[in-house]
Amino acid sequence: MSRVAAALLSGLVFASHASAAGEPPGVVIVNARVIDGSGGPSRLPLLRVSTDAGIDGLVWLSHAAISQDLLERCLAPMFIGADPLLREKAWYEVWERDRLEEFPMYALGYLDLALWDIFSKAAGVPAYKAL
């Protein structure tokens with residue numbers, strides 16, 4: 001059984017308890033960056049959130065310049081080293097940061113979608129089934 005599958009099976013129910021107890025998460029975010037999509041078929045930038053388990057969450061971005069600035073300046077640094085399976089915690093932290101930064105509405109879900117993509121890939125199911 002892979003480390004990610006083990007983290008999913010044992011950590012989903014108890015992930016919040018482990019983090020509260022100070023135990024290290026089973027999988028962590030190691031990188032979050034915006035990739036220029038100008039050469040691709042959609043011509044939209046892409047957010048890639050990478051984990052130490054080799055699973056990437058991918059999200060197409062709208063409003064390229066604004067989204068890239070928000071992600072690189074505000075959101076990406078907040079989540080390096082975080083557990084990608086704690087999606088609700090991440091959403092809460094983005095929401096709290098929004099109170100200070102006043103993000104555009106379309107930008108609030110970028111990280112959330114990337115974390116759902118990571119979760120569904122790790123679980124081996126399509127994202128629509130994971131939701």
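**Notes on the model, point by point**

1. Histidine 63 is partly exposed, at a relative accessible area of 46% (buried means under 20% relative accessible area, exposed over 50%, and partly exposed in between, with a 1.4 Å probe and protein chains only). You will find histidine 63 in the loop between β3 (56-60) and α2 (64-79); helices here are DSSP runs of H or I with at least four residues, strands are runs of E with at least two, and both are numbered from the N terminus. Its phi is near 50°, a positive value in a residue that is not glycine.

2. A word on the basis of these notes: this is a predicted model, in which local features need pLDDT of at least 70, side-chain atom pairs count only at pLDDT 80 or more, and totals for chains, interfaces and linings use all residues. Residues are numbered from 1 along each chain as its sequence is written, and side-chain values use heavy atoms, leaving out hydrogens and water.

3. On confidence, the average pLDDT of the chain is 82, and 79% of the residues score at least 70; pLDDT is the predictor's confidence in each residue, from 0 to 100. Residues 9-19 have a pLDDT below 50, and this stretch makes 8 contacts in the model beyond near neighbours in sequence (contact means heavy atoms within 4.5 Å). Where pLDDT is low, the predicted coordinates should not be read in detail.

4. Now the overall layout. The chain has 5 helices and 3 strands, which follow the pattern α-β-β-β-α-α-α-α along the sequence. Of its 131 residues, 38% count as buried. Among contacts in the chain with a separation of 6 or more, 54% are between residues 24 or more positions apart.

5. Which residues touch the most other members of the largest nonpolar core? They are Leu47 and Val49, in a core of 25 residues; such a core is a set of buried Ala, Val, Leu, Ile, Met, Phe, Trp, Tyr and Cys residues joined through side-chain atoms within 4.5 Å. Two or more residues of this core come from each of β1 (29-35), β2 (46-51), α2, α3 and α4. Leaving aside neighbours within four places in sequence, the contacts of leucine 47 include Arg33, Val59, Leu71 and Leu111.

6. Please look at glycine 37 too, in the loop between β1 and β2. Glycine 37 is buried, with 10% relative accessible area. Not counting residues up to four places away in sequence, glycine 37 touches Arg43, Leu44 and Pro45. The C-alpha atoms of glycine 37 and leucine 47 are 9.9 Å from each other, and the two residues are 10 apart along the chain.

7. Beyond residues up to four places away in sequence, serine 67 touches Leu61, Ser62, Tyr106 and Tyr110. Tyrosine 106 lies 39 residues from serine 67 along the chain, with 8.9 Å between their C-alpha atoms.

8. From α3 the contact takes Arg87, Ala90, Trp91 and Val94, and from α4 Leu111, Asp112, Leu115, Trp116 and Phe119. By class, that is 7 nonpolar, no polar and 2 charged residues; Ala, Val, Leu, Ile, Met, Phe, Trp, Tyr, Cys and Pro count as nonpolar, Asp, Glu, Lys and Arg as charged, and the others, Gly among them, as polar.

9. Glutamate 102 counts as exposed, at 65% relative accessibility. The phi of glutamate 102 is near 55°, a positive value in a residue other than glycine.
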